[in-house]
Amino acid sequence: MEKIVILGGNGFLGTHVSRAFTGRGYEVHVCSRSNGVDARKDGALAAFLEKVNPAILINCAQHGGGISYNAEHPLDIYEDNLMIGFQAIRAVAQAGVKLFVNIMGNTTYPGVANIYRESEWWNGPLHPSVMATELPRKAQWVHSWAYRQQGCGFRSIHLVLPNMFGPGDHLDPSQSHALTALIRKIWEAKRSGSKRVEIWGSGKPIREWLYVEDAAEGIVRAAGEFEGIEILNLGSGQGCSVRELAETIRELLDWPGEFFYDTARPDGALCKIFDVSKMKAALDWTPPTELRDGIRKTIDWFVGTQHATAAAH
Amino acid sequence: MTRVVVLGGSGFLGTTVASAFKRRGFQVDVCSRRTGIDARQEQPLLAYLRRTNPDILVHCAAHVGGIAYNAKCPVAVYEDNLLIGFTALRAARHANIKKFVNIIPNCTYPGKMDLYTELGWWDGPMHPTVLTYGMPRKALWVHAWASQQESGQQSIHLVLPNLYGPGDHFDIIRSHALGALIRKIVDAKQAGIDEVEIWGTGNAIREWMYVEDAADGIALATECYNDIEILNLGCGRGCTIRDLAEMVREGADWQGRFVFNTDKPDGAPRKIIDTRKMAATLGGWSPRTDLRAGIARTIDWYVKHREAIVDEATMTSTAAAR
């Protein structure tokens, strides 16, 4: 049975990626600080990989959090992420792992980009709020490229994903993604009988959301079928405004209240979506989950966790 | 007296930087592999910095070569430079050094950019031939930025064009274009050979800065520049490899001809530094040395040290082969 090691395999995406590979018959090993491997330390990960002897290493590990956490700890975030990526690639080379998978967020694109096209990945500075998290991911690409130029064995793929949502997201509001945070807000309003939920900005900005199980499936497919070292976007290529998201959640939660859009808050860019033409051509695939279905599943999961918490008290 | 440690201070630029600081009245210590410290490892470097206790750390250390060397050893170039920068900045912070000076090559600018303006530093991919050398220096800028945000560590980041002058690498693999040209032409003259091969079309335009001017600019910027945003140092003028070859031919008084090997890569087509911010920041300072005069001095130095360099190059390549 082929083995795979997932760095950060206990995280939101990592858990789903782990499940997806298990479903394809892989023996999955999760590597994280909780099982005693500090990937930042020289040689620690290499020793782990030599012991397990996997065919694939996936780096889903990310030291980062919400915007305020990132703003307060850029140095820790930078140093941890840089060293994890650096040691991961060295360990892959040393342990003879055949494939390295680098998972990246859309904020590795220039801060001002509106349509994320692979060919424009380097064409501008990162947004300062994510520089410490994302520059290390780009450095991993260069590092992998260097090994390839050197002609050293392993293959690497570098996948860029949009914002994700789905069961298993962080529950802590400061760490969770915007969509989950919105579900929480509306659910709490419903529970407390409030008829009003405040949303920052005009509600007009359009963002792309990828259901986490689709993300995991896309990663499995790319690991199997994509050969290039150049980055590959995984996404639906379709955006949705904050207002539409909010309305969908209101409907699904059957909450009778009203949204108040606080237009004194900044909107950010009007539209941020992926160009997925390369993905369609390379993988002959698009994410199957409709946004509405994904939101419904996420709500079911979220409500379940809240009931479980309530029952425990 | 203000104390400076020059990391990589035994190298081509580092040696000259150390002299420039001494001339300005600083107390200078040199730290390099030749002085027994491997800057890829944090503990020995940190112990050294705590012992020396400088006010300023100038990071001139690099695992460096020309584009041929980068193509041959991309992994070592990337990993060594990344680790040296990472370790140096952290060690400087832990040793409470007041100012960190990062020296950055101009190949960190986008490969397709004609005029290197500071504001456009991130606006495009680097040329692939220099990516593994340049990326670690850009990563170091982000690291320093993060460190300033979180811990208040002060650093400046100076971008320099290709350097030349006495003490340059004349190793055929590791030298930059100008050093390689001088070596090839002087050697051809000594051996009575009347043809010299030059890699590429000869049309690539580069800016050359005499190493003593670079060191002078670095010392001056260290004294009077305090912002984290990058600052260019240079002449703002370029010269084709072909014209450069002609100057070397005249300087070396050699009568042969050049053959341009167009199978070999040119690298980026043009690299000129925008020096407007430098002029405004450094009170009108600019490099003093005329290219012809600088080349003449470099040729003199090479002719005097040629025998020793040939021996050292042979030893280096033997060591690398092991």
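## One face of a helix

Let's start in chain A: the buried residues of its helix α2 (residues 44-52) are A:L45, A:A46, A:F48 and A:L49. Buried here means that 20 or more other C-beta atoms, placed from the backbone, lie within 10 Å of a residue's own. Helices (H or I, at least four residues) and strands (E, at least two) are DSSP runs, numbered from the N terminus. The four sit on the same side of α2(A), because they cover an arc of only 160 degrees around the axis, going by the directions from the helix axis to the C-beta atoms.

The cover over the buried residues of α2(A) includes β1 (3-7), β2 (27-31), β3 (56-59) and α4 (74-95) of chain A. Just after the helix, A:N53 has a positive phi of about 60 degrees.

## About the model

This is a predicted model, where local features need pLDDT of at least 70, side-chain atom pairs count only at pLDDT 80 or more, and totals for chains, interfaces and linings use all residues. Residues are numbered from 1 along each chain as its sequence is written, while chains are lettered from A and ligands numbered from 1 in the order in which they are written.

## Where the chains meet

On chain B, 21 residues are in contact with 21 residues of chain A (contact: C-beta atoms, placed from the backbone, within 7 Å). The largest share of chain B's side, 12 residues, comes from α5(B).

## A buried loop residue

B:T289 lies in the loop between α9 (276-281) and α10 (291-321) of chain B. B:T289 counts as buried because it has 20 C-beta neighbours inside 10 Å.

Definitions and conventions: Contact = placed C-beta atoms within 7 Å. Buried ≥ 20, exposed ≤ 12 C-beta atoms within 10 Å, placed from the backbone.
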